[in-house]
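Student: I have a new structure to read, and I would like to learn how to look at its features one by one. Could you take me through them?

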Amino acid sequence: MRKHIPLLGLLGLLTASCSENARQVADTDAALVAEADSANVQPALQSINAADLLSHTTVLASDAFEGRAPGTAGEDSTVNYLVRQFRQLGLQPGNPDSTYVQKVPMFGYTPQPEASITAGGKQIKLDFPKDYVAVSRRFVPEIDINDSEMVFVGYGVVAPEYGWDDYKGLDVKGKTIVMLVNDPPIPDPNTPGQLDSTMFGGKAMTYYGRWTYKYEIAAEKGAAAAIIIHETGPAGYPYEVISGSHSREGFDISSANKNMDRAAVEAWITTDKAKEVFSALGKDFEQLKQAARQQDFEPVPLNATADFSIQNKLREVQSQNVIAKLEGSDPELKKEYVVYTAHWDHLGKDPSLAGDQVYNGALDNATGTAALLELAEAFSKMETKPKRSILFLAVTAEEKGLLGSKYYANNPLYPLEKTVANINMDVLNAYGPTEDVVVIGYGNSTLEDVLAEAAATQNRRIVPEATPEKGSFYRSDHFEFAKQGVPALYAKSGVIARGKPADFVQKWSENYTANDYHKLSDEVREDWNLEGAVEDLQLFLLVGNKVANTEKLPEWKPGTEFKAKREAMLSSSAGTE
């Protein structure tokens, strides 16, 4: 229980002239604050438990929810469930229009592509989706590209700050460009076997390596079609993830120009097929890769043409983000916000399959969505609510390109300059407690410092991700907040499991990525251990609560690509107040 110091006794302490007494007063005051905070936070921490987390996850990942694809009955079931849970917890509607949803206008497209490459009078057929996938995100029913000249543009990067330009002034309007995945890996001239940390991110992927950037620059340059060569290592996932996602209905945010500013065709091709094509064109794939790592690389005409035909089955979709609010307790600070995010969507179902047809997405991301509900319940248990308001935002269409978070970040329900932090959850730990906490995009913001302080209370430490070259920082919903300048934290359970062999987590993760990630088998399992997930959620609660109460706001660290935008946003906001 909280202890109380009698008023007269406290006044006596405060008026003492001795410096030792003054120090004791400060210590006592700090202890009282800590004790009060603990008494307030402990019920919240204790309310987070594995049974509730599993219960929510089991419902969301059940066949009845049909894989939670946007624009389906599965979305309706998911949104209704989340709204019902938030309402039962007594949270306010998060939308200022007094509802728990933000409508996200999108369109769905189901591609039926055909493609071939012609060189020297010989035609090379491409088998969809075995060899390639191709989509058009233009809101048109049919795309035809004929005799489009092909050119290899290395990594497809234009990065003036690194003196890098893979296009070298080449006019690619109407052409089909072929690109490698990830950033150019530039060797460190002083350390054999290492990458140059001054070029791009060294080992860590920058946004230039992300597939979304490559399609964006292709569209900006006027290419008719853009093909990325998939390689499992640099991409961070097998080709089956690509083919599984792009051989069924995809989505994009509706725009006034029907996305006509995008390249007509956005495609991936397997490494094996790319090697076969290059060989047929008299080119050596490995030699081209080596050449593309040089700053003086010049685009390579492939002396071939590409043909694409895509029949697009289109429909307009009104999807929904779900949002709830816990209003802050401070009259002024409640106008500022900490936002927790998780994506509720997954891949839906495939009626063409025999037997199991539902992509349940249990870990990805029924667990994260369940976590949002657990945190909402935990905060509601606090007798004294945080000074700043807390938003719980379950976003749609993450699997289709971070669309729900992108829409929110571009159409925020609350000003982004008043949004002090975003804490994102995507795929929770189902293998047990860990000694560490992995920060995705390590070194970006002072939120990590708050995380490290909170982790220490659990006898844990924060560590960088082991494979920053996979670009995980750009692959979940926090990134859309970061792009707009909002300090964002994306952390996961660590890699050292308590009481397990040193390689236990690595093997578990590799098995999940190879066998379950974006596959029918991502279902709730009896051998899950969610105690590590509980620790992580308790940690995220401590971080969010600290940020919601502290005077000093989170910041991007020097050198981070999002720092300038945040500072400009806050400066502009200060000038209008």
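Tutor: Let us begin with contact, which means heavy atoms within 4.5 Å. This is a predicted model, in which local features need pLDDT of at least 70 and side-chain atom pairs count only at pLDDT 80 or more, while totals for chains, interfaces and linings use all residues. Residues are numbered from 1 along each chain as its sequence is written, and side-chain values use heavy atoms, with hydrogens and water left out.

Student: Which residues is E336 in contact with, leaving aside its neighbours within four places in sequence?

Tutor: With those neighbours left aside, E336 is in contact with R388, S389, K418, V420 and L553. Helices (H or I, at least four residues) and strands (E, at least two) are DSSP runs, numbered from the N terminus, and E336 lies in the loop between strand 12 (300–326) and strand 13 (337–343).

Student: Does E336 count as buried or exposed?

Tutor: Buried means under 20% relative accessible area, exposed over 50%, and partly exposed in between, with a 1.4 Å probe and protein chains only. E336 counts as buried because its relative accessibility is 16%. A polar contact is a pair of N or O atoms within 3.5 Å; within protein, one must be able to donate a hydrogen and the other to accept it, and residues adjacent in sequence count only if both atoms are side-chain atoms. The side chain of E336 makes such a contact with the side chain of R388, at 2.6 Å.

Student: How many residues does the largest nonpolar core have?

Tutor: In soluble globular proteins, nonpolar side chains tend to be buried together. A nonpolar core is a set of buried Ala, Val, Leu, Ile, Met, Phe, Trp, Tyr and Cys residues joined through side-chain atoms within 4.5 Å. Here the largest one has 148 residues, and V265 and F392 are among those with the most contacts inside it. Helix 10 (residues 362–380) gives the largest share of this core, 11 residues. Apart from it lies another core, of 12 residues, including I323, Y337, Y414 and F481.

Student: What is V265 in contact with, again leaving aside neighbours within four places in sequence?

Tutor: The contacts of V265 include A134, V135, I143 and I145, and also A224, A225 and A226, once those neighbours are left aside. F308 and I310 are in contact with V265 as well.
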